[in-house]
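Please view the model alongside the text.

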Amino acid sequence: MFLNLKEDGGYLYLQIYQEIKNLITKNTLKKDSKLPSIRTLCKEYQISKNTVTNAYYQLEMEGFIRCENKVGFFVNSAEHLLNLKHDKKLNLSAKKEYKFDFSYGGIDKEHFPYSVWKRVFKESLSGSDLLESSDAKGYLPLREVISNYLKNSRGINANASEIIVSAGTEHLFYILKKLFNQSSVYGFEDPGYAWKTSFFTSDLLNLKALKVDKYGLDTSTLKDVDIAWITPYHQFPLGTTMSLKTRIFLLEWAKQGEKYIVEDDYDGEFKYKGRVIPALKSMDKDDKVVYLGSFSNSLTPALRLSYMVLPQELGLRYEEAFLGFVSPCSVFVQKALKKFIEDGYFEKHINRMRNIYAQKHALIKQSLEKSEKITLYPSQIGTSVAFKAKTDSDFLKRCEEASMRLGSVNECRQNRLEEDDEFILGFAKPTLDELKDGLGILKKLV
């Protein structure tokens with residue numbers, strides 16, 4: 001039996017294991033054939049007894065070989081064993097890279113706490129709860145931590161039983177659709193992210209656009225709506241913050257019959273001037289607001305962790321409709337996030353990023369406010385700003401050619417306008433230097 005062992009091929013015992021495994025799976029070593037003794041292999045390849053013993057032990061544990069007492073090692077049939085073949089010729093289409101990525105998703109990778117996450121993930125690899133499926137509502141200790149966070153940062157009093165953790169806002173929306181009446185009329189902000197993708201609207205029977213401009217929500221469009229899906233803290237994409245008058249109107253509106261407000265607080269952690277504005281849910285005395293939160297903007301979208309706080313009536317419906325439901329979120333990831341928040345790392349990260357994003361926000365304001373062809377919409381929250389530009393129809397095409405990625409407000413409308421002159425500039429991804437250079441080019445392109 002020839003083994004192709006290499007000096008630079010890694011641990012010797014793993015090389016021996018892999019070589020013999022390959023010979024068995026290719027049927028070069030037939031079933032019931034006897035393997036060389038440990039002593040023979042040691043002598044032939046000038047290696048230690050422990051090296052060969054470890055390799056044979058691994059093969060035996062995985063069922064490729066068996067040991068017959070005082071006789072030796074023999075090959076087992078490999079037909080029932082899992083053997084994944086890796087195709088090294090996979091040609092996956094590469095994602096286009098932009099020199100100036102001003103898209104409104106993503107995070108500042110330069111300041112992500114990689115070392116801390118490596119540590120909390122490692123520390124989370126303990127305890128028997130890691131090997132069990134999560135509660136339908138999510139990992140209970142994480143929900144308790146979120147409950148405390150909401151109380152202190154957003155003014156929301158919600159216990160862990162009212163909180164549901166799931167894999168992204170899209171999955172939470174799937175759950176909510178099961179809880180609301182099938183005949184409910186859904187109202188989505190226009191412009192708003194629901195109109196950008198068919199996921200949110202394709203299977204709904206009754207839809208209505210809630211008109212929004214740079215001054216806020218047009219409450220007259222709430223007529224006949226049952227479910228108002230809104231972003232009051234930082235309206236996406238225009239960036240307005242809902243006035244107190246409109247908030248009170250909405251809460252009064254929701255008291256009338258089977259009506260609910262879905263408050264999507266997608267980037268509520270980042271406010272750059274003045275005091276933090278409480279969530280609409282914190283003003284909800286009649287239990288008519290569903291609150292949605294996410295860790296995609298505050299930490300990373302790679303976690304795929306979002307959560308919602310359900311009013312009591314919807315919570316009872318959830319218990320009935322999702323009996324036996326298994327959470328789609330990894331217990332391992334939830335456990336690591338719980339530790340990240342509980343040990344104070346989340347608070348430190350948010351404060352640090354708030355300072356960094358504030359610098360970027362100030363740079364954009366300083367650079368674009370003086371431009372005669374650009375009108376920057378007022379906003380002191382979040383990681384994106386909207387602006388109106390006096391330019392031509394080829395503007396976005398020229399941006400693409402200059403390796404610049406921008407968002408269009410028009411893509412977020414129920415009915416696209418002929419004139420595409422409102423745009424979204426996300427500033428989470430670029431560094432300060434990239435942002436500065438990109439803004440200079442942006443003004444020239446306009």
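## Strand β16

E422, I424 and G426 point one way from β16, while F423 and L425 point the other way. All of them are buried, meaning under 20% relative accessible area with a 1.4 Å probe and protein chains only. The strand spans residues 422-426, and five of its five residues are buried. Helices (H or I, at least four residues) and strands (E, at least two) are DSSP runs, numbered from the N terminus.

The model is predicted: local features need pLDDT of at least 70, side-chain atom pairs count only at pLDDT 80 or more, and totals for chains, interfaces and linings use all residues. Residues are numbered from 1 along each chain as its sequence is written, and side-chain values use heavy atoms, with hydrogens and water left out.

## Pairing partners

Strands pair if DSSP finds at least two bridges between them. Strand β13 (residues 384-389) pairs with β16 in the antiparallel sense, over five bridges. Here V385 stands opposite L425.

Strand β15 (residues 407-408) also runs antiparallel to β16, joined by two bridges. G407 stands opposite I424.

## Nonpolar cores

A nonpolar core is a set of buried Ala, Val, Leu, Ile, Met, Phe, Trp, Tyr and Cys residues joined through side-chain atoms within 4.5 Å. The largest has 60 residues, and F295 and L425 touch the most other members. Helix α10 (residues 345-368) gives the most to this core, with eight residues. A second, separate core has 51 residues, including L204, V290, L310 and C412.

Which residues does F295 touch? Not counting residues up to four places away in sequence, F295 has contacts (heavy atoms within 4.5 Å) with I146, T300, L303, L305, Y307, L337, I341 and F346.

Notes
Buried means under 20% relative accessible area, exposed over 50%, partly exposed in between (1.4 Å probe, protein chains only).
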